[in-house]
Amino acid sequence: MTASGRALSVEVCTDERAFAELAPQWARLHGACPSATAFQSHPWLHSWWQSYGRRGRLRLVLVRRHGELVAAAPLMRVHRPLPALVPIGGAITDICDVLIDEEVAAQGAGALAEGLAELARTALVDFREVRPGGAMERVYLCWRGPRHRLPDSVCLELPAVPMDELVGRLSSRHAQRVRNKVNRLARLGVEWRVVGEDETEAALGRLLALHRLQWQGRRMSSEHARPRFLEHLVRSAAPMTRSGQAAVMEFLLDGAVVAVNLNLLSGGPGGLAGTYLYGFHPRLRERKVDVAAMLLHASTEHLMSGVGHRVLSLLRGAEPYKYRWHPETVVNQRLLLARRRTAPLLAAAVTEATARQRIKNALRREAGSGSGSEDQR
C-alpha cells in the first residue's frame, strides 16, 4: 500500500530469510536514525531472533521510498498474556525502538503508524523500553486510535566525559576515595585491552564463566547461564565489533584475565554507550579492587579515544551503587497502541500494569530503603 500518497510503500515482512537479507539496508537506515542505539542494529536483532524467535511470529513493518528502506518496526506476535505485537529483543534488550530515517521523519512515522494500524486490528501493539526521545514516540504521537503511555524501566545515565570529570561531580571526600581506588588499580598492575574481532567468541565465553563465578552462591539471572544466550552474544558481538557498535574489554592481573566487559556503542547525535554485561573473578574483591570504578575508568578511556558518544548509560536498574556517581535518572516508556476493536486489550494491559506497580510499591515500603548493592549483570 502507499502511505498517504507520499510515495512511501509499507509492507509487513514475515519471512525469516528476508530478515537476514535486510542487513545492508538495515545498516544504512540505522545510521540515518538519530535515536538508534546498538540494540536496534541488525546484528543484535537478527541474532536475537535466531536464538529466541518463534516460527510464524515475525512481523517486520517496513517502509520504503523508491525502494530504499526508510523506516522499520521490528516486531513479533505473541499470544500470552494477551494477543500482542511486541518488539524483537525481549527481556535481554535494555532499549527498544523503531528506526526512521531523519530525512522522512514525519512521513516515516505516519507510514509506520499506518502499517501498525493494520496489525492492531487483531492484537495490541505493546512497545516496551522506549527511551525518551526515541523514534517510536513519533509513531505514538500520530496514532489515531486508542493509546496509552506508561513508565517502564529506570535507566541511569552519565555524560561521556573523562574519568577526572566524572570524579569532579562528586563530593570532595567521595572524589578522593575514588581517586585512591583508581590509583590502586595502577599500583596492583591491573591492565585492560579491547580484544580483536577474532578473539570475541573466546572472550565472551570467559565473560560468562567469570559472571557465573562472580554470582556463585547467589541468585543470578538464569538466562545468562543458558547456551542460547552465549550463542546470541557471540553472533551479534562479532559483527558489531567490526562496525564499532560493540567493544569487548579484558582486564588482566598478574598475566591472568580477571574480568571481561561488553560495551555496546551507538554513534549519531544521541551517542549512547553503555556496559551491557560483565564478569569478574572474586579475587578482585580479595585484592580490594572496586570493580565498578575499574569498569567505569576503562570505559571512559575507551570512549574518549573514539568520537560521537555523549551519553554513558548504566542501562536498566536503579542499584544503589550506581547513584554514587550522581547520574541522571531516565525512565523508559511503554507505549500501548490499539484500534477500537482491540481497545479492551489495551484496557486490560493498563489495569494489569497498574496492579503490578502497586504491588511493587508495597513491597518496597515493606523492605525499606535497603537493597542489593550490585547489578545482577
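The model is predicted, and its protein chain contains 13 helices and 13 strands. The radius of gyration of the chain is 21 Å, close to the 21 Å that the globule rule gives for 377 residues, so the chain is as compact as a globular protein of that length.

**Overall dimensions and packing**

- Taken along the principal axes, the box filled by the C-alpha atoms of the protein chain is roughly 65 × 50 × 40 Å.
- Of the 377 residues in the protein chain, 52% are buried.
- When contacts between residues at least 6 apart in sequence are considered, 76% of them join residues at least 24 apart.

- Thr 200 lies in helix H8, which covers residues 200-214, and it counts as buried because its relative accessibility is 1%, where the cut-off for buried is under 20%.
- Leaving aside residues up to four places away in sequence, Thr 200 touches Val 195, Ala 237, Ala 238, Thr 241 and Val 248.
- The side chain of Thr 200 also reaches the backbone oxygen of Glu 197, at 3.1 Å.
- Thr 200 and Ala 23 are 177 residues apart along the chain, and their C-alpha atoms are separated by 21 Å.

Key:
Residues numbered from 1 in each chain as written. Predicted model: local features only at pLDDT ≥ 70, side-chain atom pairs only at ≥ 80, totals over all residues. Heavy atoms only, no water. Helix = DSSP H or I, 4+ residues; strand = E, 2+ residues; numbered from the N terminus. Buried < 20%, exposed > 50% of the residue type's maximum accessible area, 1.4 Å probe, protein only. Contact = heavy atoms within 4.5 Å. Polar contact = N/O pair within 3.5 Å; in protein donor to acceptor, adjacent residues only side chain to side chain. Rg over C-alpha atoms; globule rule 2.2 N^0.38 Å.
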